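Subject: Handing over the structure

Hello,

I am passing this structure on to you, and below it I have written up what turned up when I went through it. Please have a look at it first and then read on.

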Amino acid sequence: MFLSNVIERNRVHENADVLQGTLDLLILKAVSLEAMHGWGISQRIQQFSSGVLEVNQGSLYPALHRLVKRRWLEASWGTSENNRRARFYKLTAAGKKQLVEETATWRRFSGAVDAVLAIN
Amino acid sequence: MRLIDRLLKRDPDADLTDELRFHLEMEAKKLRDTGLAPDAARQEARRRLGGVDKYTEELRDVRGGRGWDAFVQDARYALRVSRRFPAFTLIVVATLGIAIGANTAIFSVVNATLLRPLPYPNGDRLALLYSNNVPNSIPRFSVSYADYLDWRAQTRSFTDMAAYTGGSLTLQTDDAPLRLSAWNVTSNFFDVGGVQPHIGRFFHDKSPPSETSSEVILAYDLWQRQFAGDPSIVGRSIRFASGTRSVIGVLPKSFDLDGRRNIDAVIVLDPQSIPNVADHGQHMVSVIARLKPGITQAAAQADLNVVAKRLAEQFPNGMGAANVFMAQDELVRDLKDPLLVLLAAAALVLLIGCINVANLLLTRSTIREREVALRQALGASRGRLVTQLLVESAELTIAGAALGLIIAYYTLVLIEKLAPPGLLPSTISLDLRVLAFTFGVAVVTTLLVGVWPAFRATSPRLASSLREGGRSGSAGRHALRARRSLVIAETALALVLLVCAGLVIQSLRHLLEIDPGFVAEHVVTMRVNLPGPRYNDSTQVSFFRDLQSRLEGRGGIEAVAAGNTAPISGGGIVTGIRLIGADRPPGEKLVSPVTGVTPGYFRTMGMRLLQGRDVAWSDQLPTIVASQAAVRAYWPGQSPIGKRVGFGRDTIGLEVVGVVNDTRGRGITTDPPPMLYLHYSGVASVARGMTLVVRGPGDVQAITATTRAAVGEIDRTLPLFNVQAATVLIEQSIGQPRLNTTLLSLFAGVALVLAAIGIYGVISYSVTQRSQEIGVRVALGAQRGDVLRLVLREGVGLAAAGVAIGIIGAFFATRLVQSWLFGIEKTDAVTMAATAIGLISIALLASYIPARRATKVDPLVAMRAD
């Protein structure tokens with residue numbers, strides 16, 4: 001009984017949302033090459049991660065607006081590839097700096113986790 | 001960004017909606033490409049994105065709105081939330097509506113009575129002066145005209161003093177004679193009161209009595225009713241049974257010095273109409289006085305004390321003590337204490353209501369933990385969230401206050417229906433001041449119910465609940481503890497109210513069971529006035545004798561007689577007496593209540609003659625029948641038959657011929673006084689107005705018609721008035737206790753229901769919280785009964801804690817209703833125990849519903865729930 005419970009839980013967690021802190025990093029990385037609209041960003045992240053990381057659309061837009069507010073992203077209205085009005089997000093200079101910092105932090109963190117996992 | 005948005009008057013939300021719409025289209029297109037039908041694709045895209053409303057709100061947190069915009073947003077958001085929880089909204093608004101309604105209703109009465117200033121210039125300096133009858137503990141004893149003159153001349157604290165007394169006039173009209181209640185006042189009366197006439201003038205203080213004695217002032221209502229409000233009435237002469245008088249003015253519409261008494265006309269008091277007017281023991285008038293500026297009530301009292309004491313030494317019949325009461329306080333004397341108690345009770349109901357609502361808000365904030373936590377994570381400041389939650393509470397209380405006004409309106413209808421005539425002014429309404437009060441209550445309520453849950457809900461500790469993602473974080477347990485304390489508090493408050501209500505309900509029952517000492521059923525009372533100079537002592541007596549012989553046996557009327565006061569009425573003659581030949585302490589000043597009666601009074605009233613005989617028409621001198629209490633007080637252990645009592649200065653005395661049973665004729669809650677019933681011939685000079693008592697099986701109308709016909713045969717100018725069944729008089733005398741009891745019981749009932757809801761709410765919540773634990777217990781073999789007991793024990797435990805605290809509170813609170821109690825102690829153990837047991841039983845019942853739900857917990861589901 002208890003066992004089946006545990007298994008069920010794990011299955012639920014397999015397709016976990018992108019973790020809170022890492023979403024910012026992924027967004028910054030996604031727009032680092034070119035300005036993109038929100039939907040494009042979500043697709044890009046999924047594509048990059050070969051479908052493992054799925055951005056919860058519910059947290060994407062709040063995150064985008066938060067990053068704009070922190071002046072790491074700049075938003076402007078433009079025309080999409082299929083000729084629709086869409087809002088494009090572009091990395092700012094501060095955003096670039098933040099991306100570098102967060103990338104370094106993430107590497108340190110994942111490296112540490114790897115090291116711990118390697119102990120076994 | 002926002003600045004530009006604002007300058008271009010562009011709605012930032014419109015951008016957001018556009019952006020999200022774009023996203024939806026793209027997502028739907030992608031889903032269509034994978035083979036989904038267009039409709040299904042749109043739906044799925046929408047599902048993935050979530051509600052647009054939710055976004056707009058969350059993104060506003062990110063942008064950080066401020067000021068009016070933020071307020072409007074909050075208000076809209078709160079309305080949306082209300083719709084999301086309809087049952088919650090309904091319960092909260094109903095609870096607040098009832099609680100605010102109760103407060104508003106009682107405050108409207110307070111507003112129309114306690115808070116209403118006297119409508120005269122410097123009305124706060126008007127005082128009513130009384131003799132203080134210390135031996136009989138009657139602090140408001142009528143004043144003798146001789147005392148009035150001496151007080152007026154010798155005191156220094158008053159700018160002036162006026163005397164007045166009730167009386168009547170018979171207006172001759174084309175059809176039936178009309179009886180008017182007319183005050184007889186000294187000519188300076190209106191100057192002392194500071195009253196201005198509606199039209200015409202008042203008495204000139206300097207005019208000679210020969211002039212003023214033929215003048216009359218009409219009351220506004222009478223002027224409207226009888227003379228169609230014709231202003232040319234001033235200067236006209238009108239005919240009264242006692243002679244012609246010229247109208248000199250009309251009283252202002254609002255004139256009611258004592259707030260209730262019906263007054264039709266005012267004439268000048270003729271001191272010569274007072275028998276033995278120079279006697280300081282002839283207490284016949286009321287005195288009104290105006291304090292000099294800067295003189296306090298206490299200073300005036302001290303001044304009057306000195307004068308009264310000196311007069312008592314000078315004159316043998318002087319009372320020796322007097323009281324100064326402020327007119328403002330006197331008007332509301334009967335109302336003040338009960339109203340304050342009811343206001344306190346209403347406030348307790350509101351407090352209990354607030355506790356319930358705060359409890360519900362706490363529950364909801366637990367449900368909304370995730371929402372709040374998410375928005376905090378998105379950057380909404382705590383202040384912003386607290387404001388928003390407070391706006392939500394404010395909307396609920398405003399709706400509650402609106403409902404409260406409606407409830408208050410109907411409560412006032414009920415109060416006016418239950419109140420005995422004359423107790424309350426007719427001016428009670430939901431005026432601006434009441435609306436302001438309700439608004440104030442709503443604001444306080446918002447803060448009471450809103451602040452704590454709002455701060456709790458936004459507590460930084462809760463941010464963790466986003467990661468926990470569950471209902472059952474430590475926050476849930478904290479909330480439960482807080483809610484338990486609240487429920488204990490409200491149970492305690494409810495118990496206090498219930499104990500008070502229980503005590504006054506039993507008091508009312510005792511009042512209803514009191515034996516008044518006479519048989520009120522089938523007795524109709526009506527007032528008749530025999531005006532001088534047409535009637536004198538001997539024709540007054542023969543009038544009643546004639547009436548009795550004509551009326552008895554006619555139209556089924558069994559008995560008829562008259563007494564100078566109606567049964568169960570406060571007033572009556574109280575006079576100095578001496579017991580002739582009795583061995584009494586020297587210098588003793590005995591004062592006794594006296595009722596003038598015609599022969600047959602005891603038979604008509606169904607009283608029992610215990611010894612001797614009734615007074616008789618054939619008595620040469622006025623005779624006396626003593627009550628049992630009088631016998632105990634004046635001739636303990638002796639037979640009173642043949643004893644003599646002197647009234648005033650009389651040293652020979654009148655003979656006692658009989659003894660009757662005690663009655664509560666001077667008020668149902670007043671212990672039977674030592675009453676001396678004196679043959680009417682002995683009081684005829686001071687009792688021109690008499691109350692006829694008529695016993696017969698017919699209804700009130702039939703008996704009145706028969707009586708009216710018989711009176712008309714003797715003197716067709718005599719009006720009969722104040723017709724009332726004796727049973728109604730008794731009803732009215734307990735009208736105020738009945739009203740108080742009804743209201744207090746209503747409040748206690750509401751408190752009980754609210755407490756039950758509170759217990760139910762917290763136990764339900766607790767069962768939800770503990771469903772996992774219960775599941776484990778069931779899995780480990782707990783039986784249905786075990787689970788039931790587990791939950792019920794929690795509910796009863798809360799109630800018992802509340803009851804224990806409440807009992808302590810009740811010991812203090814019942815002091816407030818002590819003066820309402822009759823035949824029961826304020827610490828009555830049976831009432832307290834019964835209330836406690838009752839409340840715990842209700843708690844048991846309220847816990848039973850969630851307890852049953854707990855027994856249905858499926859251990860599998862419960863343990864997975866997290």
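One term before we start: two strands count as paired if DSSP finds at least two bridges between them. Please also keep in mind that this is a predicted model.

**The sheet in chain A**

With that term in hand, take A:S76, whose bridge partner in β3(A) is A:F88. Another such pair is A:L73 with A:L91 of β3(A). They belong to the pairing of β2(A) with β3(A), residues 85-91, where seven bridges join two antiparallel strands. Five residues separate β2(A) from β3(A) in what is a hairpin, and A:N83 in its turn has a positive phi of about 65°.

**The rest of chain A**

Chain A holds five helices and three strands, and along the sequence they follow the pattern α-α-β-α-α-β-β-α. Of its 120 residues, 28% are buried. If you take the contacts in chain A between residues at least 6 apart in sequence, 49% of them join residues at least 24 apart.

You will find A:R71 in the loop between α4 (57-69) and β2 of chain A. Is A:R71 buried or exposed? It is exposed, as 12 other C-beta atoms lie within 10 Å, and 12 or fewer is the cut-off for that class.

**A buried strand in chain B**

Nine of its nine residues are buried, so the strand is largely enclosed by the rest of the structure.

- β1(B), residues 126-133, runs antiparallel to β11(B) and is joined to it by four bridges; B:A127 stands opposite B:A289.
- β3(B), residues 143-144, pairs with β11(B) in the antiparallel sense over two bridges, and B:V143 stands opposite B:V285.
- β4(B), residues 158-171, is also antiparallel to β11(B), over six bridges; here B:D160 has B:R290 as its bridge partner.

Elsewhere in chain B, B:N722 has a positive phi near 50° and is not a glycine. This residue sits in strand β23(B), residues 720-725. B:N722 is partly exposed, with 14 other C-beta atoms within 10 Å.

In soluble globular proteins, nonpolar side chains tend to be buried together. The largest nonpolar core here has 92 residues, and those with the most contacts inside it are B:V349, B:L497, B:F747 and B:A751. Helix α24(B), residues 735-769, gives the largest share, 17 residues. Why does this core lie between domain 2 and domain 4 of chain B? Domain 2 (65-114 + 335-470) and domain 4 (478-515 + 731-866) both give residues to it, so the core lies between them.

Leaving aside neighbours within four places in sequence, B:V349 is in contact with B:A99, B:A102, B:F747, B:V750 and B:A751. Apart from this core lies another, of 59 residues, among them B:V268, B:L291, B:A327 and B:L331.

**Two packed helices**

Last, look at α15(B), residues 382-418, and α16(B), residues 432-457. These helices pack at an angle of about 145°, with their axes 8 Å apart, and the crossing is right-handed. Residues making the contact include B:V386, B:L389, B:L390 and B:S393 of α15(B), and on the α16(B) side they include B:T438, B:A442, B:T445 and B:T446.

Enjoy exploring it, and do write back with any questions.

Best wishes

Technical notes:
Residues numbered from 1 in each chain as written. Chains lettered and ligands numbered in written order. Predicted model: local features only at pLDDT ≥ 70, side-chain atom pairs only at ≥ 80, totals over all residues. Core = buried A, V, L, I, M, F, W, Y, C linked by C-beta atoms within 7 Å. Buried ≥ 20, exposed ≤ 12 C-beta atoms within 10 Å, placed from the backbone. Domains from an automatic or database assignment. Contact = placed C-beta atoms within 7 Å. Axes fitted to C-alpha atoms, helices over the stretch in contact; angles between N-to-C directions. Left-handed = near helix turned anticlockwise from the far one by under 90°.
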